[in-house]
Amino acid sequence: METATILNGTRYYIMAVTPTRLYSFTGVGSLETVFASYLDHVVHFMELPGEIPNSELHFYIKQRRAVHFAWLSGAGIYHGGLNFGAQHSSPNGDENFVENKALLNYSSLSEGAELVKPSSMTVS
């Protein structure tokens, strides 16, 4: 979770993962207000196939602000940049703060060897 101070309060940027989905939430007010607003509109998520017992979400932080993320998923490592001042808004007012998204397939890590999914990762 990251926050930004704006004219009418605090804007929250939240990401959460399950073994197959990466969710993103954004809104202004309190955390309760942000999540309550999703009762009225669709929650944004990226769904990837595959099974992995230990889905993980990690962030690269620079000057006390997350600037990149990486999600260890069943299909590969889904990663991208984070722009908390982005003006790319959807019709319902949600800001799209994830940029330059890509999927690193596990097969590209094995270089012809037996495919083994990582058990953990870190972002540096």
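These legends walk through a predicted model, one close-up view at a time.

Figure 1. Welcome to the predicted model. Its secondary structure comes to two helices and eight strands. The chain has 124 residues, and buried residues make up 34% of them.

**Figure 2. A cavity inside the structure.** Rolling a probe the size of a water molecule over the atoms shows where empty space is left. How many cavities of 30 Å³ or more does a search of the whole structure find? The search finds one. The space in this largest cavity is about 50 Å³. Its lining is made up of Met 1, Glu 2, Tyr 13, Ile 14, Met 15, Phe 59, Ala 66, Leu 82, Phe 84 and Phe 97. Which element gives the most to this lining? That is strand β2, residues 9-17, with three residues. Sorted by kind, the lining has nine nonpolar residues, no polar ones and one charged one. Keep Glu 2 in mind from this lining, as the next view returns to that residue.

Figure 3. Side chains of opposite charge can pair when their charged atoms come close. The structure holds two salt bridges, and one of them is formed by Glu 2 with Arg 65. The closest N and O atoms of this pair are 2.9 Å apart. Because Glu 2 lies in strand β1 (residues 2-6) and Arg 65 in strand β6 (residues 65-72), the pair ties together parts that are 63 residues apart in sequence. Is Glu 2 buried or exposed? Glu 2 has 15% relative accessibility, so this residue counts as buried.

**Figure 4. Glu 47 and Arg 21, another salt bridge.** Here the side chains of Glu 47 and Arg 21 meet, with an N to O distance of 3.4 Å. Glu 47 lies in strand β4 (residues 44-47) and Arg 21 in strand β3 (residues 21-28), so this pair ties together parts that are 26 residues apart in sequence.

**Figure 5. Glu 56, a buried residue without a salt bridge.** Look in strand β5 (residues 56-62) to find Glu 56. This residue is buried yet has no salt bridge. Where is the nearest side chain of opposite charge? It belongs to Lys 117, 14 Å away. Glu 56 does have other partners: its side chain makes a polar contact with the side chain of His 58, at 2.7 Å. The side chain of Glu 56 also reaches the backbone nitrogen of Met 121, at 3.4 Å.

Figure 6. Ser 73 lies in the loop between β6 and β7 (76-82). With a relative accessible area of 0%, Ser 73 is buried. What lies 2.7 Å from a polar atom of the Ser 73 side chain? The backbone oxygen of Gly 76 does.

Figure 7. Gln 63 is not glycine, yet its phi is positive, near 55°. Its place is in the loop between β5 and β6, and at 77% relative accessibility Gln 63 counts as exposed. Asn 100, also a residue other than glycine, has a positive phi near 50°. Asn 100 lies in strand β8 and is exposed, with a relative accessible area of 68%.

**Figure 8. Leu 103 and Gly 80, seen through their C-alpha atoms.** Leu 103 lies in strand β8, which covers residues 98-105. Leu 103 is partly exposed, with a relative accessible area of 34%. Its C-alpha atom is separated by 8.9 Å from that of Gly 80. Along the chain, these residues are 23 residues apart.

Terms used: Residues are numbered from 1 along each chain as its sequence is written. This is a predicted model: local features need pLDDT of at least 70, side-chain atom pairs count only at pLDDT 80 or more; totals for chains, interfaces and linings use all residues. Side-chain values use heavy atoms; hydrogens and water are left out. On a 1 Å grid over the protein atoms alone, a cavity is a set of points where a 1.4 Å probe fits but cannot get out, and a pocket is an open set with protein on both sides within 12 Å along at least five of seven lines; lining residues have an atom within 4 Å of a point. Grid points are joined across faces, edges and corners, and a volume is the space filled by probe spheres set on the points. Helices (H or I, at least four residues) and strands (E, at least two) are DSSP runs, numbered from the N terminus. Ala, Val, Leu, Ile, Met, Phe, Trp, Tyr, Cys and Pro count as nonpolar, Asp, Glu, Lys and Arg as charged, and the others, Gly among them, as polar. Buried means under 20% relative accessible area, exposed over 50%, partly exposed in between (1.4 Å probe, protein chains only). Lys and Arg count as positive and Asp and Glu as negative; His and the chain ends are not counted. A salt bridge is a side-chain nitrogen of Lys or Arg within 4 Å of a carboxyl oxygen of Asp or Glu. A polar contact is a pair of N or O atoms within 3.5 Å; within protein, one must be able to donate a hydrogen and the other to accept it, and residues adjacent in sequence count only if both atoms are side-chain atoms.
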